[in-house]
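Me: I have a new structure open and would like a quick tour. Can we go through it step by step?

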Amino acid sequence: MGWLIFAVVAWIVGWMLNVWLARRPPSRLTGLASPIVFGITLIAVWEGVVNGFEINQVLLPAPSVIAVRFASSTAILWVDFVQTVLKGALSGYIIGCGSAFLIAVAIDRFPFLQRGLLPVGNFVAALPVIGMAPILVMWFGFDWQSKAAVVVVMVFFPMLVNTVQGLQSTDAMQRDLMRTYAAGYWNTLLKLRLPAAMPFVFNGLKIGTTLALIGAIVAEFFGSPVKGMGFRISTSVGQLALDLVWAEIVVAAIVGSAFYGLMALVEKRVTFWHPSQRN
Amino acid sequence: MRRSVVPVLTVVGFLLVLWYAAAIWLNAPWAYDKATRSGEVLTTSTLVADTWSQEKPKLPAPHQVGKEIWKTTVEKKITSKRSLIYHSWVTLSATLLGFVMGTGLGILLAVGIVYNRTMDMSVMPWVIASQTIPILAIAPMIIVVLNAVGISGLLPKAMISMYLSFFPVVVGMVKGLRSPDQMQLDQMRTWFASKSQTFWKLRLPASMPYLFTSLKIGMAASLVGAIVGELPTGAVAGLGARLLAGSYYGQTIQIWSALLMAAALAASLVGIIGIIQRVTLKRMGMA
């Protein structure tokens, strides 16, 4: 009963605090504090509800249990992190985004290819590409190469479509200006069109971050060596060791947010001139 | 639109040629292996014929997949467990249920975020953060846990679909509900419109183009969610189960046919929303 009261009180206090924050003049601090307060409130309510209703730890472990498990199994988590994130997701992300970028620049020279590839690319980007995972695991074996391949396939088309669109985003006036400067193809590309394409490119890069993580983890469900986040999740679910599963989820969430945040930060640096970054 | 038909067909044709060529390249080792064991000498034409008609090829040729799809859709009874239409229906029902729930949740959250400053400041960052968690990765856990509580069948899969499809709807609807500019809002005020009137007569209609764009993304995401949600249920039914069963037994043709079926499903679902979008926006005078 005490825990339930704790949950209700935590919710009320958290909400009141946020209402108070929202009324204050908007600043960087309130913008940052508000979601943090909300997050802490959620965790407190979770803890209170799990303990209050005495929910079986097998079904939904309390945050404190997850934290303990996280601290005690950092070695396993690190091995999985290296296998899935560094070897699988990151290498696939770099190969996929890099090749998509280069191909986009190449097909940009041929309007015929553009008109043909854009609809096809848009179509493929909407497909359940993750279904390719079993096939790629069959082709490239169980180790990280197959995970990287899945990631490449997943990030390729969103990146391609975005880059091609970005390269088209300059208008005739700007291109004419470059021509009056007697700038050739490469000069126009490097000085005008690539910089102008950057907001689109980063859009593709940001979409790719979560896709890469998802691809690498889900591909492990179809076969993997005895390490990796996807492997750990699927086997731990079988053993009903849900606290370990949640610890992996925490790692995935942190990595996903950090990866996305990093890209957003780089974007802010590179596209500082874009209206959406100036406020 | 018509201008791009020829280029698209060219690209698709090129992809098909590439597919056939890759089938030869990937399946050739197995064909050579078989030939040396039986003591045959392979000419180019028999090699090509063999690579395009293996039973468990590394990469089945398009016509093999086409034949498999034909066999499992038209020639099988719909009630049969081997019918691809049956499996597609299982996946489709979870997709649609999850899509409807996700859209509802997304619109509610968006309205809350637009009308409540506290929610805007505290919930919106978490909506974005929620998508950096690879939910697909924890799909098996959600299924198993819900199974233990006694919820099984359609609902767990639909919940994963819901989680994936609510995000684009929230983001799109928040943008859409905020799209009326100050001038239009002032106009509503001069007409002494109440808050709910402003919502129903200005904000909601103005958000429709944004909503439809989000719905298309949400539908595609929802299908992915349903397919992945079927993986851990022990390969009972659905396109995801077909994928998993195919990968267990090395039935590549079966995997590819399920994959193409999923692609066709995604394309037609998104296409249907596109048609509804065009009709609705035309009647509203926005297209």
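Reply: Here is a short walk through the chains, their contact and a few local details. Keep in mind that this is a predicted model.

Me: Let's start with chain B. How many helices and strands are there in it?

Reply: Chain B has 11 helices and zero strands. From the N terminus on, the elements run α-α-α-α-α-α-α-α-α-α-α.

Me: And which domains does the assignment give for chain B?

Reply: Domain 1 covers 2–59, and domain 2 covers 84–284. The centres of domain 1 and domain 2 of chain B, taken over C-alpha atoms, are 38 Å apart.

Me: What radius of gyration does chain B have, and what would a compact globule of 287 residues have?

Reply: Chain B has 24 Å, while a compact globule of 287 residues would be near 19 Å. Along the principal axes, the C-alpha atoms of chain B fill a box of roughly 90 × 55 × 35 Å.

Me: What share of chain B is buried?

Reply: Buried residues are 40% of the 287 in chain B. As for contacts between residues at least 6 apart in sequence, 75% of those in chain B join residues at least 24 apart.

Me: Next, the core. How many residues are in the largest nonpolar core?

Reply: The largest nonpolar core has 131 residues. A:Val150, A:Val151, A:Val155 and B:Leu223 have the most contacts inside it. Helix α7 (residues 144–167) of chain A supplies the largest share of this core, 16 residues.

Me: What is A:Val150 in contact with, leaving aside its neighbours within four places in sequence?

Reply: Its contacts are A:Gly92, A:Met132, A:Ala133, A:Leu136, A:Gly215, A:Ala216 and A:Ala219.

Me: Back to chain B. Why is helix α10 of chain B called largely enclosed?

Reply: Because eight of the 11 residues of α10(B), residues 239–249, are buried. Among them are B:Leu239, B:Arg242 and B:Ser247. The buried residues of α10(B) pack against α6 of chain A, and also against α4 (84–115), α9 and α11 (252–284) of chain B.

Me: What comes just after α10(B)?

Reply: B:Gly250, which takes a positive phi of about 65°.

Me: Which residues other than glycine have a positive phi?

Reply: One of them is A:Ala182, with phi near 60°. Another is B:Phe192, with phi near 55°. Most residues other than glycine have a negative phi.

Me: Where is A:Ala182 found, and is it buried or exposed?

Reply: A:Ala182 is in the loop between α8 (172–180) and α9 of chain A. A:Ala182 counts as exposed because it has 7 C-beta neighbours inside 10 Å, and the cut-off for exposed is 12 or fewer.

Me: And where does B:Phe192 lie?

Reply: B:Phe192 lies in the loop between α8 (182–190) and α9 (195–230) of chain B. B:Phe192 is exposed, with 7 other C-beta atoms within 10 Å.

Note on methods
Residues numbered from 1 in each chain as written. Chains lettered and ligands numbered in written order. Predicted model: local features only at pLDDT ≥ 70, side-chain atom pairs only at ≥ 80, totals over all residues. Core = buried A, V, L, I, M, F, W, Y, C linked by C-beta atoms within 7 Å. Buried ≥ 20, exposed ≤ 12 C-beta atoms within 10 Å, placed from the backbone. Helix = DSSP H or I, 4+ residues; strand = E, 2+ residues; numbered from the N terminus. Contact = placed C-beta atoms within 7 Å. Domains from an automatic or database assignment. Rg over C-alpha atoms; globule rule 2.2 N^0.38 Å.
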